[in-house]
Amino acid sequence: MSSYKDTEDYIWYLNGAGGTRKRHLGMPPFERNEDGEIELAPGEVYCRFSNEDGDLCYKTDAFSSESNLKTYIKKHKINGNPARIKGKRQGANNIDDMNVACKFYAKLREIVEKGDEEESAEPMPTPSKRPAPAEAAPRQDRRPSLPL
Ligand SMILES: [Zn+2]
């Protein structure tokens, strides 16, 4: 039985930008449900966590599996609490999941490729920038300074 993993869109996603296995530029951040839980599509291997400044996670490398990605995402914080991921749906990898995944990767590709077009229309394309890993910095600003 074929799966979403055989689709052109998923292969495009998995290969990453220029086949480097790095996250495509212009990907949208993870969606969150009303409980603030991150919703992952089946087969996701790139972190799309949005930092407080609105930039996506500095880590652009593909994870070797969806479960490794999940373990990593939980290290992110949302309002000071570890990020939570929506629990696996019942009947994982059923037909509905396949449909969801197929649509998800097609949509993602559409968004990224549309963004590419808009960028190339600009007279001065900005070089690919690598945002600083701000999330790893210690949050000393929240600690009140002791009077000496
Ligand atoms: Zn991340």
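User: What does Glu31 count as, going by its C-beta neighbours inside 10 Å?
Analyst: Bear in mind that this is a predicted model, where local features need pLDDT of at least 70, side-chain atom pairs count only at pLDDT 80 or more, and totals for chains, interfaces and linings use all residues. Residues are numbered from 1 along each chain as its sequence is written. By C-beta atoms placed from the backbone, a residue is buried with 20 or more others within 10 Å of its own, exposed with 12 or fewer, and partly exposed in between. Glu31 has 13 such neighbours, so it counts as partly exposed.

User: How far apart in space are Glu31 and Ser50, C-alpha to C-alpha?
Analyst: Glu31 sits in strand β1, and Ser50 comes 19 residues away from it in sequence. In space, their C-alpha atoms are apart by 9.6 Å.

User: In what order do the elements of the chain run from the N terminus on?
Analyst: Helices here are DSSP runs of H or I with at least four residues, strands are runs of E with at least two, and both are numbered from the N terminus. The chain has 3 helices and 4 strands. Starting at the N terminus, they go α-β-β-α-β-β-α.

User: Which element has the lowest mean pLDDT?
Analyst: pLDDT is the predictor's confidence in each residue, on a scale from 0 to 100. The chain averages 84, with 75% of its residues reaching 70 or more. Among the elements, α1 comes out highest at 97, while the lowest, at 88, is helix α3 (residues 95-120).

User: Why does Tyr10 count as buried?
Analyst: Tyr10 belongs to helix α1 (residues 8-15). Its contacts (C-beta atoms, placed from the backbone, within 7 Å) beyond four places in sequence are Tyr4, Lys5, Gly43 and Tyr105. Tyr10 is buried because the number of other C-beta atoms within 10 Å is 22.

User: How many residues are in the largest nonpolar core?
Analyst: A nonpolar core is a set of buried Ala, Val, Leu, Ile, Met, Phe, Trp, Tyr and Cys residues joined through C-beta atoms within 7 Å. The largest one includes Phe30, Ile38, Phe49 and Leu69. A second, separate core of 8 residues has Tyr4 and Phe104 among its members. For the largest core, the count is 10.

User: What share of the chain's residues count as buried?
Analyst: The chain has 148 residues in total. Of these, the buried share is 16%.

User: What is the phi of Asn79, roughly?
Analyst: Most residues other than glycine have a negative phi. Asn79 is not a glycine, yet its phi is positive. It lies in the loop between β3 (77-78) and β4 (81-82) and is exposed, with 7 other C-beta atoms within 10 Å. The phi of Asn79 is about 50°.

User: Where is Arg21, which also has a positive phi?
Analyst: Phi of Arg21 is near 60°. Arg21 is partly exposed, with 15 other C-beta atoms within 10 Å. Its place is the loop between α1 and β1 (31-32).

User: How far apart are the C-alpha atoms of Glu113 and Met27?
Analyst: Glu113 is in helix α3 and is exposed, with 12 other C-beta atoms within 10 Å. Met27 is 86 residues away along the chain, and the C-alpha atoms are separated by 9.6 Å.

Conventions: Two residues are in contact if their C-beta atoms, placed from the backbone, lie within 7 Å.
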